[in-house]
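Me: I have a structure open and would like to learn how to read it. Could you take me through a few features?

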Amino acid sequence: MPMPLARLDGIARARQALLHEGATGIAKLIDPLIARSWQRCLALGHAPQQRVGFDAVSAAAMRRARERNRVLTQAARDTLRDLGRALADTRYFAILTNADGVVVDASGPIDRSDRRADLITRAGVDLSERCVGTTAIGAALTDLQPVWLHRGEHFFDDTAVYSCAGVPLFGPTGTCVGMLDLTGVEVAERPELLHLAMQSARSIENTLTLQHPHVLLLRLNWPGHPLGGDTDALVALDADGRVVACNRAARDMVPRLHRHAVAQQSLLHAGEVFALPFEMLFDASRHATATIDVPLWSGLHLQALALPAGQPLPRGSALPPTQRATATATLGTTGQRRLRDIETALIRDTVKETRGNVAEAAARLGVSRATIYRRLGLGRS
């Protein structure tokens with residue numbers, strides 16, 4: 001990692017390139033995500049020397065911002081409190097915004113006597129890229145990626161006193177609902193705070209998923225990894241087995257959930273995600289202290305803990321080894337044969353629906369063509 005002075009010198013050279021060479025001179029000097037944000041600011045006609053006027057926010061506007069984002073602020077409440085404790089001695093603080101970059105809450109050691117800190121932590125103030133140029137907030141919400149910015153990496157001179165980590169927040173239907181920002185004023189650079197922001201964002205997203213109305217919750221992870229923590233993939237089902245909510249880990253672990261956003265009108269069914277009868281997932285919820293093996297259509301396997309809505313995690317470890325073995329064994333040889341027959345029948349029906357187009361059937365099922373040929377005993381032409 002570069003020494004602080006070398007880091008600041010590199011940022012200063014990037015700003016000089018911005019002023020004298022425009023967008024073409026900055027690409028090799030700073031993070032591409034930041035370079036893109038600077039280019040957007042230039043396209044809007046902004047100049048770094050412009051004064052940034054943080055719009056005044058009335059008490060009524062503050063109340064409206066909090067009211068309109070009540071679900072988000074409630075889901076983030078405990079995480080923001082924990083962040084306040086983690087940041088207590090750093091002179092950094094946490095800011096929560098909605099998807100438009102409007103502040104809805106803040107927490108931590110905010111020095112209200114410092115106008116630069118007070119201005120950006122008022123509920124209702126617009127910190128979008130359009131209003132205040134390149135910040136972690138604007139860059140993260142535009143590119144939907146985590147970002148770290150230090151001092152002069154902000155576009156305007158007025159905002160070059162800040163250092164900040166920003167992480168977008170995704171709701172239970174896969175859409176961006178806001179972002180979490182950790183900011184300090186004239187502080188030492190602490191890029192490790194991006195890791196803290198990412199962990200905290202995951203906690204907020206998980207809470208949003210758990211609060212979404214559902215009948216059955218699946219906690220999923222790869223075999224050998226403990227269940228019951230923030231790294232779990234969360235998939236929420238309704239009474240008919242349709243996926244009504246899932247978190248980011250679930251979308252990363254099961255790409256089909258990513259491709260078929262829950263926000264679409266036609267909800268994805270559990271049978272299209274997991275290669276087993278969805279009723280087995282509901283049956284497993286009657287034994288909520290045991291995990292089950294869940295095959296995916298890709299051939300990969302996950303372990304799952306099925307919990308009825310509102311039921312807390314079992315006390316202690318959710319995965320005692322004896323219960324893991326018992327739960328996996330409950331399928332038995334007959335059950336495994338039945339499961340394989342169901343999988344084969346679904347593959348056969350999909351091939352029939354696509355009029356024998358194996359490539360299209362494979363795309364629908366999320367498996368390889370080789371898998372279809374093998375399971376149906378087809379010869380390749």
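Reply: Happy to! Angles under 35 degrees count as roughly parallel, over 145 as roughly antiparallel, 65 to 115 as roughly perpendicular and the rest as oblique. This is a predicted model, where local features need pLDDT of at least 70, side-chain atom pairs count only at pLDDT 80 or more, and totals for chains, interfaces and linings use all residues. Residues are numbered from 1 along each chain as its sequence is written, and side-chain values use heavy atoms, leaving out hydrogens and water.

Me: At what angle do the axes of α4 and α8 cross?

Reply: Two packed helices are described by the angle between their axes and the distance between the axes. Here, helix α4 (residues 70-86) and helix α8 (residues 193-211) cross at roughly 150°, and their axes come within 9 Å. The two helices are therefore roughly antiparallel.

Me: Which residues of α4 and α8 meet?

Reply: Contact means heavy atoms within 4.5 Å. In α4, V71, L72 and A75 are among those taking part, and the α8 residues they and others meet include L196, S200 and I204. By class, this contact has nine nonpolar, five polar and no charged residues.

Me: How many residues has the largest nonpolar core?

Reply: In soluble globular proteins, nonpolar side chains tend to be buried together. A nonpolar core is a set of buried (under 20% relative accessible area) Ala, Val, Leu, Ile, Met, Phe, Trp, Tyr and Cys residues joined through side-chain atoms within 4.5 Å. The largest one here has 35 residues, and F54 is among those with the most contacts inside it. F54 touches L119, I120 and L127, among others.

Definitions and conventions:
Buried < 20%, exposed > 50% of the residue type's maximum accessible area, 1.4 Å probe, protein only. Axes fitted to C-alpha atoms, helices over the stretch in contact; angles between N-to-C directions. Helix = DSSP H or I, 4+ residues; strand = E, 2+ residues; numbered from the N terminus. Nonpolar A, V, L, I, M, F, W, Y, C, P; charged D, E, K, R; others polar. Lists of a residue's contacts leave out its neighbours within four places in sequence.
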